[in-house]
Amino acid sequence: MAASDRVPAERRRRRPTRTGTVLSRELIVTAALELIEAPGGNALTVRRLGAALGCDPSAIYRYFADTDTLLLAVADKLIGDSLTGFTSGRDWVASLRDFGMRVHSSVLQHPRLAAVRASRFTAGPAESQAVDTGIGILLQAGFDPAQAVRHYRMFIDTVLAHAAVDADVRDLTEQQRDQASQVWQEDYSHLSADQYPNLHQVRAHLSAMSGSAFLDTLDALLAHLVALRRQQSAPTP
């Protein structure tokens, strides 16, 4: 047995790097996020991460099995950051709206991880806490357990889907965003009334198509949940 194999894993992890830094999961996740958001595009590789931390790239694998596992850990950190300071109040609708706004805002702040957060489950402590909190709000509202789970899935998928789209738009160049706005304000609004009668009828309002539909969708979804709850609470004739 090699001498290194007799050293407990935790002690091997705590060895300082050549720059004197003691690695930790949190330090690696923070450095990975910085590389993902580096100017010019996602620069995350194990080699670059090792260089940023002043350690041999192989040291990363003492903490994460592979880069995919690391990526999920970064996503989990962002989930936790988005809900820092969040508390559920007595008004469950206001609480759920605040919850959704925080998640949406966080995804927009980190657009290169939008797809990961919208399509993957991290199974990390922050995601577990977020799901527990969201379902708890719906249980507080009076939905039964099966309904609370189903409605939370509908709610969070809607929030994340809109956030992913809005993040993609935010990540466009200014020229690309201007082009998209121009399509609705100029191109579509000048289409023939004979060939496109409905577009012609609403042409003065088409500029709204270039904006985010998130807030309207969020409020419509919350109104739907309120209506469902009222139906359940209504006395049986």
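**Note on the salt bridges**

1. R120 and D68 form a salt bridge, with 2.9 Å between the closest N and O atoms. R120 sits in the loop between helix 6 (114-119) and helix 7 (125-141), and D68 sits in helix 4 (residues 67-82), so the contact ties together parts 52 residues apart in sequence. The model is predicted.

2. How exposed are the two partners? R120 has a relative accessible area of 33% and is partly exposed. D68 is also partly exposed, at 34% relative accessibility.

3. A salt bridge joins the side chains of R97 and D219, at 2.8 Å from N to O. This pair links distant parts of the chain. R97 is partly exposed at 29% relative accessibility. D219 is partly exposed at 34%.

4. D157 pairs with R153 in a salt bridge, the closest N and O atoms lying 2.8 Å apart. Both residues are in helix 8 (residues 145-170). They are 4 residues apart, which means a separation of about one helical turn.

5. R153 is partly exposed at 46%. The exposed class would need over 50%, so R153 stays in the partly exposed class.

6. How many salt bridges does the model hold in total? The count comes to 5. Among them are R120 with D68, R97 with D219 and D157 with R153.

Methods. Residues numbered from 1 in each chain as written. Predicted model: local features only at pLDDT ≥ 70, side-chain atom pairs only at ≥ 80, totals over all residues. Heavy atoms only, no water. Salt bridge = Lys/Arg side-chain N within 4 Å of Asp/Glu carboxyl O. Helix = DSSP H or I, 4+ residues; strand = E, 2+ residues; numbered from the N terminus. Buried < 20%, exposed > 50% of the residue type's maximum accessible area, 1.4 Å probe, protein only.
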